[in-house]
Amino acid sequence: MAGVLEPRFLLNPLPLFASKNPTTVQRFPFPSNKPVCLSLVATHDGSASHPLFQDPEVEPTPDRARDRRRAVRLAWEKLLRWSRSWRSKAKTDVLERTNKVVVLGGGSFGTAMAAHLADRKAELEVYMLVRDPQVCQSINESHCNGNYFPEHRLPENVIATTDAKAALLGADYCLHAVPVQFSSSFLQGIADHVDPSLPFISLSKGLELNTLRMMSQIIPQALRNPRQPFVALSGPSFALELMNKLPTAMVVASKDKRLASATQQLLASSHLRISTSSDVTGVEIAGALKNVLAIAAGIVEGMDLGNNSMAALVAQGCSEIRWLATKMGAKPTTITGLSGTGDIMLTCFVNLSRNKTVGVRLGSGEKLDDILSSMSQ
């Protein structure tokens, strides 16, 4: 047994490597019925001593045990400091490397995200591509979007334009905030000015009528580039609360993990927490179908059917959304996360929700055409 346990280099009297000062090889007796372990003992000056064979049943001396615990603690603290330094540097690098971001659309959420990004870095150029010349003039001269946030002043580095070429030229990231139903025709009109490697961060939620396409399908097809980098941003978030810098949590989803991480580092701040996911389908489907559920929840409230009916409707709706999403390849955990359950709770139970407001007015007896014509966003 001892012969089997003895390391090979102890049985050979010659050193493994030629040296002018070869170390003396010593034999150590092995007990025949006890396991033997080989360990390196760290000395006080940081170097390692020669290998020693120790009996596991022999307790180390208190001084040696204390030194080992201290060495482990110091090594762990050093590793933590290095990790925090590396993560902090990575976050800083993404923001420092970004010089220009373009936001497509001048609606409430696009404006809120433009203001958020502009606050992140004073030297960052944040261009908003809008179609209304009056909105463009208001943002550039008065630094406010009078249609949606007349009482909120936008940062000085938010620049509005109606020129797609000027907005997209040299952009590092593109935030797409155009409503889903108008996205395809809008993107086809600016496709010639879009760089094939420009990452698109979609803020739009929903499915295209007739085709039922998601934004991850609409954007590459409209731009005629199947490899256009794509990220979906979703989660429980009202534009007004973002403008007021209230705590918010959202999720970015992309099949490219590096792009998702970079987007996270670009957007995350002291009041906006960003999680990452690779489940693009789950994030998009949950963000689209929660709108249907919110309208139904509004109808229940408008018809004054009570809280029991509301709870039953939302619970059954969540179950059906999860069933459909998983059948389409989504992960169940995505549906129970921020972009699923989180967004459903916000949209179905809070009166700031546009979709719930439509449902409430429908349940109260108003006509859909009248409701839509009276809503600006």
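Biologist: Contact means heavy atoms within 4.5 Å. With that in place, how much of the contacts in the chain with a separation of 6 or more comes from residues 24 or more positions apart?

Modeller: In this predicted model, residues 24 or more positions apart supply 68% of the contacts in the chain that have a separation of 6 or more.

Biologist: How many helices and strands does the chain have?

Modeller: There are 16 helices and 10 strands in the chain.

Biologist: And what percentage of the residues is buried?

Modeller: Of the 377 residues in the chain, 41% are buried.

Biologist: Which residues line the largest cavity?

Modeller: Its lining consists of S202, S204, K205, G206, M215, A232, L233, S234, V283, E284 and G287. Two or more of the lining residues come from each of strand 8 (230–234) and helix 11 (280–302).

Biologist: How does that lining divide into nonpolar, polar and charged residues?

Modeller: The lining of the largest cavity has four nonpolar, five polar and two charged residues.

Biologist: Now helix 14. Is S339 buried or exposed, and why?

Modeller: S339 has its place in helix 14. S339 counts as buried because its relative accessibility is 3%, and buried means under 20%.

Biologist: What is S339 in contact with, leaving aside neighbours within four places in sequence?

Modeller: S339 is in contact with S234, G235, V251, V283, A286, G287 and T334. Among the residues that line the largest cavity are S234, V283 and G287.

Biologist: Where is L346, then?

Modeller: L346 also belongs to helix 14, which covers residues 338–349. Its relative accessibility is 19%, so L346 counts as buried.

Biologist: Which residues does L346 touch, not counting those up to four places away in sequence?

Modeller: L346 touches P236, S237 and F238. L346 and S237 are 109 residues apart in sequence, while their C-alpha atoms are 7.9 Å apart in space.

Biologist: A change of topic: where is T276?

Modeller: T276 lies in strand 10, residues 272–277. T276 counts as partly exposed because its relative accessibility is 43%.

Biologist: Which residues is T276 in contact with, leaving aside neighbours within four places in sequence?

Modeller: The contacts of T276 are V251, V252, A260, S261 and Q264. T276 and K257 are 19 residues apart in sequence and 8.2 Å apart in space, C-alpha to C-alpha.

Biologist: What about the backbone: what is the phi of H143?

Modeller: The phi of H143 is near 55°, a positive value in a residue other than glycine. H143 sits in the loop between helix 5 (133–141) and strand 5 (158–161). With 11% relative accessibility, H143 counts as buried.

Biologist: And what is the phi of R224?

Modeller: R224 is not a glycine, yet its phi is positive at about 60°. R224 is in the loop between helix 8 (215–222) and strand 8. R224 is exposed because its relative accessible area is 56%, and exposed means over 50%.

Biologist: Finally, the rings. How many aromatic pairs does a search of the whole structure find?

Modeller: The search finds zero aromatic pairs.

Biologist: What lies over the face of Y127?

Modeller: K100 lies over the face of Y127, at 4.4 Å from the ring centre.

Notes
Residues numbered from 1 in each chain as written. Predicted model: local features only at pLDDT ≥ 70, side-chain atom pairs only at ≥ 80, totals over all residues. Heavy atoms only, no water. 1 Å grid on protein atoms, 1.4 Å probe; cavity = no way out; pocket = protein on both sides within 12 Å on 5 of 7 lines; lining within 4 Å. Helix = DSSP H or I, 4+ residues; strand = E, 2+ residues; numbered from the N terminus. Nonpolar A, V, L, I, M, F, W, Y, C, P; charged D, E, K, R; others polar. Phe/Tyr/Trp six-rings, centres within 6.5 Å; stacked < 30°, edge-to-face > 60°. Lys NZ or Arg CZ within 6 Å of the ring centre and 35° of its normal. Buried < 20%, exposed > 50% of the residue type's maximum accessible area, 1.4 Å probe, protein only.
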